[in-house]
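Walk me through this model, please. Begin with the annotated positions, then turn to the sheet.

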Amino acid sequence: MSNSKEFSPGEIYEPSEETRKYAWVNNERIYEMAQDYLTFWDEVAKNDVEWFEPYEDVLDDSNAPFYRWFVGGKINITHNCLDRHIKLKGDKTAIIWQGEPENEKEKITYHELYQRVCRFANALRTLGVEEEEDVVTIYMGMVPELPIAMLACARIGAIHSVVFGGFSSKALRDRINDAESKVVVTMDGYYRRGKVVETKRIVDEALENAPSVESVVVLERTGNDVNMVEGRDVWWHELEEGLPDKCECRPLDSEHTLFILYTSGTTGKPKGVLHVHGGYNVGTHITTKWVFDLKDRDIFWCTADIGWITGHSYVVYGPLSVGATVLMYEGAPDHPQPDRWWSIIEQYGVTILYTAPTAIRYFMKLGEEWPKKHDLSSLRLLGTVGETIDPKAWKWYYKHIGNERCPIVDTWWQTETGMIMITPLPGITKLKPGSATLPFPGIEVDIRDEKGYSADSGELVITNPWPAMFRTLWGEPERFAKQYWRSNGGLIYYTGDGARKDENGYYWIIGRIDEVLKVSGHRLGSAEIEGALISHEAVSEAAVVGKPHEIKGETPVAFVVLKTGYEPSVELEEDLKKHVRNEIGAIAVPEGIYFVEQLPKTRSGKIMRRILLAIEKGEEVGDITTLEDVTVVEKIKEVMMARK
Ligand code: 6R9
């Protein structure tokens, strides 16, 4: 930042004296000090997490992009999340859980959490879960047993694969089969908007064709009727009966797999992003501590579902490793009333709130009278993640939730990065609404143009490896090496995001430049939704684009070519929507489906989604000379005119 310009007044928000004074990081020199990034990460790893055996090297890049961090070290992330805290603060609350029904709640201390994790780890062992290659799929709502199951897997060196509870049975089955899971952990059901989501029923459907699964553990939560399959299904509480609440923490290699988490890319097949114990622990720990300036007395509420990376890193592993009190809420943000979140903040004295712009836009629309009903003065810091926050929503959040007192940390990162990568540090960073500001210390990013040169706008890249980076894609090392990394004066990670850098060196994320959508902060692939549509008997071809949406950010819109013998109709449109819901889940259902005769394709057969998006938005379609048949544009416009 040495040659960056002065900040222009009016658009910046400076840290208050108070925030700066008490912040973990209150000296701008941290960035300079972290320039030697290996020394920086070495210091963090040595000071902030405990190792069973020290590592020999910070980084092994001899087989890049298959980097290895903290080589030769022995660690277990659950030791850092549990064992080391119980010595000094076993009675501190680790998890405050609030069910959707107001009278259902629970507080779990670090000591209790430790015991419950140990007991469930022993329970998993009785099912034969042990070895590194054993994958346990976890499909649950937001209850404490979800992080307990994750930590139990980690403790014994098994790999967890959490599947978001909003995914359909078909999506769950695909993920179970791809991971060849031996055990599935689930529950009878959970509450969402006053109704029971029948989780176990969805699992039963998924398991109709999932030969690797030997056992299913079912937590009793809602008490609804479930079908227990003899010899396969077992109740959580019965499995645990008589088992000890101690379970030795297995010292694991730094590079031992911790979890896989499926995420969407540019093909129809979700990618199993793989993270490991050592580097992920170091990266999530220090970002939780510094970005949220987390102190012992804080009550930290990250509203993300644990089924996404934000929940993994900032509901579970980061905050627990730091020894914080985290809040988990089971249900919908507006149930029974639009002030549910604000009432939870007041009730528990939440000090840090970390959420997504889509939620902020939703609350903005509901009106500030809802937060006004509550005393939100316990809040001292706010955060956002998942998509770009527009300055209007930023200012609303700042004023109506933070009462113009709380800094907002806009954090940019991905499932693949594992940890926050571009972010303000609340004690030192001047904020500009809409910008994620600067890379975290030790992280080096840049923007590259199409030719690979450094530029002020283009694709965001990361030019140095970082500890919490994903290590590979499950079962697809070639895809990992080929898709993300390019060599250009060293090996560089391409993020898939467009970005711009301003005169102060601040980064502004523009959004995905590939066929990945962010719908209400949830990551979905155009190709996945297209695949779901094509699997319907009436569909011959499909293209899906993300249309800008006031609250969701983006919403999928589909263009469908029918097979001969099928005619467009309202019924067929509804049937296709239902089909997508069954194939992927409600979040992927297109808002509109247009039946067209042909899709715009290049001569080499690639669908030009850019053109479809421009038509949908009523914008100029731009250069169409590469189209195989240019008349297709006019024809699609006609279909859309007829519909509007
Ligand atoms: C953590 C998470 C990753 C994509 C990423 C980008 C978008 C995330 C953002 C943001 C602008 C931010 N994204 N944070 N865009 N500003 N602060 O969301 O992971 O689900 O893998 O999505 O989300 O487009 O590439 P994931």
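Buried means under 20% relative accessible area, exposed means over 50%, and partly exposed lies in between (1.4 Å probe, protein chains only). This is a predicted model: local features need pLDDT of at least 70, side-chain atom pairs count only at pLDDT 80 or more, and totals for chains, interfaces and linings use all residues. Residues are numbered from 1 along each chain as its sequence is written, and side-chain values use heavy atoms, without hydrogens or water.

An unreviewed UniProt entry places the feature "binding site" at R192, R193, G194, K195, T310, S520 and R581. UniProt positions follow the numbering used here, feature names are shortened, and annotations may be inferred rather than shown by experiment. These positions spread over 390 residues of sequence and, in space, up to 25.3 Å between C-alpha atoms.

Take G194. It sits in the loop between β9 (190–192) and β10 (195–197). Strands (E, at least two residues) and helices (H or I, at least four) are DSSP runs, numbered from the N terminus. G194 is partly exposed, because its relative accessible area is 48%. Beyond neighbours within four places in sequence, G194 contacts E100 and H335; contact means heavy atoms within 4.5 Å. K195 belongs to strand β10. K195 has a relative accessible area of 61%, so it counts as exposed.

Now the sheet. Eight strands form an open sheet with mixed pairing, in the order β12-β11-β8-β6-β7-β14-β15-β23. Two strands pair if DSSP finds at least two bridges between them. The edge strands, β12 (233–235) and β23 (472–473), each pair on one side only. β14 (residues 257–263) and β15 (residues 271–276) pair antiparallel over six bridges. T257 has V276 in β15 as its bridge partner.
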